[in-house]
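Subject: Handover of a two-chain model

Dear colleague,

Please find the structure below, which I am handing over to you. A short account of the findings follows it.

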Amino acid sequence: MGSAVNIGWGGLAASLILVAVAVVLSWRLRLGLERSMLWSCARAGVQLLVTGWALTLVLKPEASIAWSWLWVVAMVGVAGLTVRMRAPEVPGIFPLAVAATAIVGVVSLGVIFGFHIFPVESRTVIPLAGMMIGNSMTSVVVAARRVTGELRDKRLEVEARLALGLSWQDASRPHLREAMRTALIPQIESTKAVGLVFLPGAMTGLILAGVSPVDAVQVQLAIMYLILGSVATSVTVVAVGLARRLFTADSRLVRLPRPVG
Amino acid sequence: MPTPAFAFEDASVVVADGSRILDHVVTTVAAGGITVIAGPSGSGKSTLLRLCNRLEVPTSGRVCFAGHDIAGLDPLAHRRRVGMVFQRPTLFAGTVRDNLRVADPDASDGRFGDVLDQVGLASSFLERTGDDLSGGEAQRACIARALLTGPEVLLMDEATSALDPEARHTIEVLGRQLATDGLTLLWVTHDLDQVARVADRCVVVLGGRIADATESAAFLAGRDAPDGHDGHDGRDGQRRS
């Protein structure tokens, strides 16, 4: 099994051939993406190598599982910072994103370990938390930007509802619905298309590692359902929490600046 | 002396970047009839109007409605007493009936028909969507929606500036009819001809201040306000037309 997944440095280098093709294409077609592609590959390489090295330490049999939980806490913090960086125009997004991903972490890991779907071990805690928090983070960015954009661009409509005596919850509901749909649809679509077009990462990894496809499918399904639930939870927390922040206690919509650039 | 509909008591609005939108406004708006708030674009007249239904709050000073500080009133209940019509017709997605339901979810089609009749639209409009209406029809549907909350005051924020002359005329006639029926109208406009057509009283706002008598006369005559003005008594800016 070990040899099946150990591609070695040569194998890793070979996988860069397609990146080289993409860079050449970008250069020939003057897309101007060469630098971005090379930078993203280099950055992913460094990040994952460092992560792999750190995981080796944390996953050592003699290492305390407390390190794994600390890792999860760090993930939540980094997710919050990443969301803030990707949605700088959204006021007060950092604490909300941290709260949303923390809730997702607690609920999803609670379900996973509470129902004994996976055993509580360092090798399960970190990757599972990573998948839940990582997927949630991406959707949280979309939800935060869409909620802010909807309320800013459709201010007149929101205020027309407020002027009829509607509460901020009622006045913002159609816009929150729209923003949440936009944030959730990619996850729903990928859940629908799974197995038909692409084989998801966890399942592919398990099959490559020699696990039987049926067992791999079961694991993948459990993960996918949990990810969908996590994404929906985090999007709801951020959308509702953000809407609360963007209205005053007396149901006025605060002024929302347009994003720079 | 009867209690005014609105009293602005040294009300100022300063936004986050430090810009002073309204500067120590002192004035009153009598109940009944049509009071026009006139002034050039950016003078602060819309902000003055938005203070009346608490879509804005004063940074300092206070605004009273029927003798009560608006800050102490329940904002949602207050907004149902003080309806508002915006510059562009703002119909929500769905039919006119769906729109009217937002204002009063429990009302019957009969009630909806009555309020449409009040603004000069037939009951058949209930089935139509905003996309099927002309600008004037859409604005009248918006007025019908505002009337469904049973307001005592209707705030008109440049409510005809996006309409063609014919639609503008129908809204002005409707406004006069509503005032005759007992509603108090506050009508913001920068159109001097409209001031002459609809105003029972006029407050002129210049640079975030209530203009004094001289400035108001100059503005309403279509001339620039005299330079070098310093200090004023807001009540001087009120004119009876």
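Predicted model: local features only at pLDDT ≥ 70, side-chain atom pairs only at ≥ 80, totals over all residues.

Residues are numbered from 1 along each chain as its sequence is written, and chains are lettered from A and ligands numbered from 1 in the order in which they are written.

Chain A contains 11 helices and 0 strands (helices are DSSP runs of H or I with at least four residues, strands runs of E with at least two, numbered from the N terminus). Its domain assignment gives domain 1 (1–58) and domain 2 (64–246); such bounds come from an automatic or database assignment. The C-alpha centres of domain 1 and domain 2 of chain A are 26 Å apart. Along the principal axes, the C-alpha atoms of chain A fill a box of roughly 70 × 55 × 35 Å. Of the 261 residues in chain A, 30% are buried (20 or more other C-beta atoms within 10 Å of the residue's own; exposed means 12 or fewer, partly exposed in between, with C-beta atoms placed from the backbone).

Helix α5 of chain A covers residues 66–86. Its 21 residues should span 30 Å at 1.5 Å a residue, which agrees with the 30 Å between its end C-alpha atoms (the expected span is 1.5 Å times one less than the number of residues). The buried residues of α5(A) are Ser68(A), Val72(A), Met75(A), Val76(A), Ala79(A), Gly80(A) and Val83(A). They lie on the same side of α5(A), because they cover an arc of only 140° around the axis (taken from the directions from the helix axis to the C-beta atoms). The face turned away from the buried side of α5(A) carries exposed residues, among them Leu70(A) and Met85(A). The cover over the buried residues of α5(A) includes α4 (34–58), α6 (93–114) and α7 (122–153) of chain A.

Chain B has 8 helices and 11 strands. The C-alpha atoms of chain B fill a box of roughly 55 × 40 × 40 Å along the principal axes. Of its 241 residues, 45% count as buried.

The contact between the chains takes 14 residues from chain A and 19 residues from chain B (two residues are in contact if their C-beta atoms, placed from the backbone, lie within 7 Å).

With kind regards
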